[in-house]
Amino acid sequence: MNVTPLLNWAVHFALACFATGMLCAAIRLLRGPSAQDRILALDTLYINGMLSILMLGIGIGSAIYFDIALLIALFGFAGSTAMAKFLLRGEVIEP
Amino acid sequence: MIRTGKPPLLEILLLIMWLVVNQSLELHHWLLGLLFALPIGRLVRTLRPRTARVRRLNLALILCWHVFCDVVRSNFAVGRIILGTVRQQPKVGFLDIPLEIRDPHGLAALSIIITATPGTVFAGHDPDSNVLTLHVLDLQDEATWLHTIKHRYERPLMEIFE
Amino acid sequence: MNIVPMSPWLALPAAILLIAGGLLALIGSLGLLRLNSFYARIHAPTMGNTLGAGCVLIASMLTSSAAAGRPVIHELLITVFLLITSPVTTMLLMRAAVFRSETGRDRQGEEAS
């Protein structure tokens with residue numbers, strides 16, 4: 001039994017899910033009434049983006065996408081934490 | 001600092017990470033990994049000299065399994081709440097839970113566990129009274145949440161870290 | 001897309017995990033739009049960050065192992081990293097929201113330092 005078409009379909013389905021998730025996060029990012037809403041939306045946006053890049057990696061079958069996903073995870077965390085810290089304290093790096 | 005014969009866990013983890021990223025077990029990757037792991041481990045030790053002691057590894061594994069089961073279960077619960085928002089919005093609320101655990105690493109692990117489970121977020125901790133503030137998405141009965149945190153997470157964490 | 005042909009014992013779990021992870025992340029992101037207050041919304045993306053990302057990363061591990069012909073485990077790094085870091089961001093945001101709503105309510109209070 002050949003299940004590769006099923007896997008192909010699953011990759012496309014997941015990609016569509018992540019794209020829709022990114023769209024939801026983008027709408028919340030633009031509409032969000034408060035600053036913490038926008039940061040939460042950005043957080044969701046980068047994780048969905050990282051997952052869709054992993055999907056592309058599975059679909060195309062290249063290992064190079066892993067490094068991109070790792071870098072997005074690292075820098076996305078640093079960015080969201082810095083912005084949340086800014087909301088909390090008014091400055092990012094405290095003396 | 002005084003070495004008390006503890007295994008240098010941080011350096012070992014950094015070395016393993018280096019080898020996994022490079023996907024190789026060759027000699028030069030071991031050497032390069034050590035070259036990075038040893039100074040970074042020493043630098044981080046000076047930033048935070050207090051080290052965690054993990055006892056009873058089997059208990060930690062059981063706790064991990066419990067947390068995984070809870071994460072799966074509460075994922076379904078939160079999914080149902082989100083898809084059911086047409087009828088009613090969930091009733092959110094804060095909940096104060098008095099704790100007995102004092103170890104900072106245990107508290108950190110508790111906060112990560114609570115926040116990683118969908119539906120609950122760690123909202124603060126008062127070090128004087130040792131009271132944890134929890135934010136719950138669907139606050140139906142407070143006693144169940146209190147019981148879950150106290151018995152399912154805090155008891156094993158106290159045995160692991162203290 | 002060119003997915004290398006692989007044994008059904010790897011492809012079938014990978015496909016199921018991908019569908020599950022996609023649905024979890026989608027419902028989590030949908031929660032951002034459908035819940036009506038920030039305190040409710042902060043719980044929604046946790047679904048995609050923990051279990052959704054975990055499913056997708058395990059599926060990626062299975063398929064890249066099948067493609068390379070040997071066990072490939074470096075996706076575990078992202079999984080562990082995400083499991084540790086995404087709660088930290090959520091906690092900081094929660095504290096920021098509590099702080100801002102407190103100082104917004106009584107703007108002349110002393111704790112607004």
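**Entry 1: chain C**

I started with burial in chain C: of its 113 residues, 52% count as buried. I note here that the model is a predicted one. I then looked up the secondary structure, and chain C has 4 helices and 0 strands. Read from the N terminus, the order of its elements is α-α-α-α. I also checked how far apart in sequence the contacting residues of chain C are. Taking contacts between residues at least 6 apart in sequence, 56% join residues at least 24 apart.

**Entry 2: which chains touch**

Next I went through the chain pairs. There are 2 pairs of chains in contact, and chains A and C share the most contacts. I found no contact that joins chain A and chain B; their closest C-alpha atoms lie 9 Å apart. The cut-off for a contact is 7 Å between C-beta atoms placed from the backbone.

**Entry 3: chain C against chain A**

I looked up the residues on each side: 49 of chain C are in contact with 47 of chain A. On the chain C side, at least two residues each come from helix H1 (8–34), helix H2 (38–41), helix H3 (45–68) and helix H4 (75–105). H1(C) gives the most to this side, with 16 residues. I sorted the residues of chain C that touch chain A by class and got 33 nonpolar, 12 polar and 4 charged.

**Entry 4: chain B against chain C**

I turned to the other contact, where 27 residues of chain B meet 28 residues of chain C. On the chain B side, the elements giving two or more residues are helix H1 (9–22), helix H3 (57–83), helix H4 (104–116) and strand E2 (120–126). H3(B) gives the most to the side of chain B that touches chain C, with 7 residues. By class, I count 17 nonpolar and 10 polar residues on this side of chain B, and no charged ones.

**Entry 5: the sheet in chain B**

I followed E2 of chain B into its sheet. The sheet is open, with 3 strands in the order E1-E3-E2 and antiparallel pairing. Why does one side of E1 and of E2 in chain B lack a neighbour in the sheet? Strand E1 (93–98) and E2 stand at the edges and each has a single partner strand, so one side of each is left without a neighbour there. From one strand to the next, the twist averages 25 degrees.

I then checked the pairing of E2(B) with strand E3 (residues 131–136) of chain B, which is antiparallel over 6 bridges. As one bridge to look at, I picked B:Phe122, whose partner in E3(B) is B:Leu134.

Last, I looked for helices lying across these strands. H4(B) lies across E2 and E3 of chain B, at about 150 degrees to E2(B). Helix H5 (residues 142–161) of chain B lies across E1 and E3 of that chain and runs at about 45 degrees to E1(B).

Note on methods. Residues are numbered from 1 along each chain as its sequence is written. Chains are lettered from A and ligands numbered from 1 in the order in which they are written. This is a predicted model: local features need pLDDT of at least 70, side-chain atom pairs count only at pLDDT 80 or more; totals for chains, interfaces and linings use all residues. Ala, Val, Leu, Ile, Met, Phe, Trp, Tyr, Cys and Pro count as nonpolar, Asp, Glu, Lys and Arg as charged, and the others, Gly among them, as polar. A residue is buried if 20 or more other C-beta atoms lie within 10 Å of its own, exposed if 12 or fewer, and partly exposed in between; C-beta atoms are placed from the backbone. Two strands pair if DSSP finds at least two bridges between them. Axes are lines fitted to C-alpha atoms, for helices over the stretch in contact, and angles run from 0 to 180 degrees between N-to-C directions.
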